[in-house]
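Please look over the interface between the two chains shown here. The briefing is set out by topic.

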Number of protein chains: 2
Amino acid sequence: MDELELEFELDPRLAADCIHIGDFPLCRLLLMNDANYPWCILVPRRAGATEIYHLPEEEQQQLIHESSFLAENLHDIFAARKMNVAAIGNMVAQLHVHHVVRYESDAAWPAPVWGAVPARPYSETELYEVKHKVEVILNGALALNRAS
Amino acid sequence: MDELELEFELDPRLAADCIHIGDFPLCRLLLMNDANYPWCILVPRRAGATEIYHLPEEEQQQLIHESSFLAENLHDIFAARKMNVAAIGNMVAQLHVHHVVRYESDAAWPAPVWGAVPARPYSETELYEVKHKVEVILNGALALNRAS
């Protein structure tokens, strides 16, 4: 484990807004506590990174590997109309990549989700169900090897 | 050149909203005709792709390679506060990745740019200047090799 990984701490705002599901080889996997959309966030566990290009090339390749694995599985498990994948970070500087499952019937369609409608926290039952589905994706990734 | 590359045609809405700057090994490089923000779009020249994970793994790696090269250079040449990198595609299905240079003083900060304010087309003088800067980035990428 290198120094930047040892020094990694999740941004407090991400920690407050999300549920920690587990870890891919590079990224922490979070679930946004917003029942409007199934919405996961990947956070590379590297201190100080705020842009994708701050990561070394082999970690960028691992990031897109984990991101595509997550996006495809979210798409299939939640029967998405479209996946929205984005690294924005104007408010939370720590590099994090949104993966939002979109439906034509959702609260913001066809606009992007950021700032569209207030977050609606999951009920306990809803959370149990969605969290389980995302955990199944993560468990399916146990065979995922570092691309590097 | 494989079949999916031969069959590639730029989506008409992207063609109407953007200026074609040139081509990276995988992606077409477009400049959005919106003077509110320096805003480039990468479109992998592969027919039928609507999600990043639709590309074969080696093309995904080439995509992040070109994306990071573009993002870092846009950041430096335009002195960005933050780069916003996103594949959304709710309205234009063809896979395309936004690279938006953001400033704390811009028209939408800190919100994302989509739907924030109407596009303001460049004047001829503005376009000449911005286009030149983006062309310099593309020319600097002549040495860019396929990651695959």
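The model is predicted. Chain B touches chain A through 30 residues, and 30 residues of chain A take part in return. A rotation of 180° brings chain B onto chain A.

**Extent of the interface**

- Together, chain B and chain A bury about 2800 Å², and carbon and sulfur atoms account for 55% of this area.
- Three residues, Tyr53(B), Ile64(B) and Asn90(B), provide 24% of the area that chain B buries against chain A, which is more than any other three residues supply.

**Polar and charged contacts**

- Two salt bridges are found across the interface of chain B and chain A.
- In one salt bridge, the side chain of Lys82(A) meets that of Glu51(B), with an N to O distance of 3.2 Å.
- Between chain B and chain A, 22 residue pairs are in polar contact, with both residues at pLDDT 80 or more.

**Make-up of the chain B side**

- Helix H3 (57-77) and strand S4 (82-87) of chain B are the elements that give two or more residues to the side touching chain A.
- H3(B) gives the most to that side, with nine residues.
- Sorted by class, the side of chain B that touches chain A holds 16 nonpolar, nine polar and five charged residues.

**Symmetry**

- The rotation of 180° comes with 0.0 Å of shift along its axis, and chain B then superposes on chain A with an RMSD of 0.0 Å.
- This is the relation of a two-fold axis.
- Both copies use the same surface, since 100% of the contact residues of chain B recur in chain A.
- Ala86(B) comes closest to the rotation axis among the residues of chain B, with its C-alpha at 2.0 Å.

**Strand pairing between the chains**

- Strand S4 (residues 82-87) of chain A pairs with S4(B) in the antiparallel sense, over three bridges.
- Opposite Val85(A) stands Ala87(B), a residue of S4(B).

**Strand pairing within chain B**

- Strand S1 (residues 18-23) and strand S2 (residues 27-32) of chain B pair in the antiparallel sense over five bridges.
- Cys18(B) has Met32(B), in S2(B), as its bridge partner.
- S1(B) and S2(B) are joined by a hairpin through three residues.

Definitions and conventions: Residues are numbered from 1 along each chain as its sequence is written. Chains are lettered from A and ligands numbered from 1 in the order in which they are written. This is a predicted model: local features need pLDDT of at least 70, side-chain atom pairs count only at pLDDT 80 or more; totals for chains, interfaces and linings use all residues. Side-chain values use heavy atoms; hydrogens and water are left out. Contact means heavy atoms within 4.5 Å. Buried area is the accessible area (1.4 Å probe) that two parts lose on being put together, summed over both. A salt bridge is a side-chain nitrogen of Lys or Arg within 4 Å of a carboxyl oxygen of Asp or Glu. A polar contact is a pair of N or O atoms within 3.5 Å; within protein, one must be able to donate a hydrogen and the other to accept it, and residues adjacent in sequence count only if both atoms are side-chain atoms. Helices (H or I, at least four residues) and strands (E, at least two) are DSSP runs, numbered from the N terminus. Ala, Val, Leu, Ile, Met, Phe, Trp, Tyr, Cys and Pro count as nonpolar, Asp, Glu, Lys and Arg as charged, and the others, Gly among them, as polar. Two strands pair if DSSP finds at least two bridges between them. Copies are superposed by least squares on the C-alpha atoms of residues with pLDDT of at least 70 in both.
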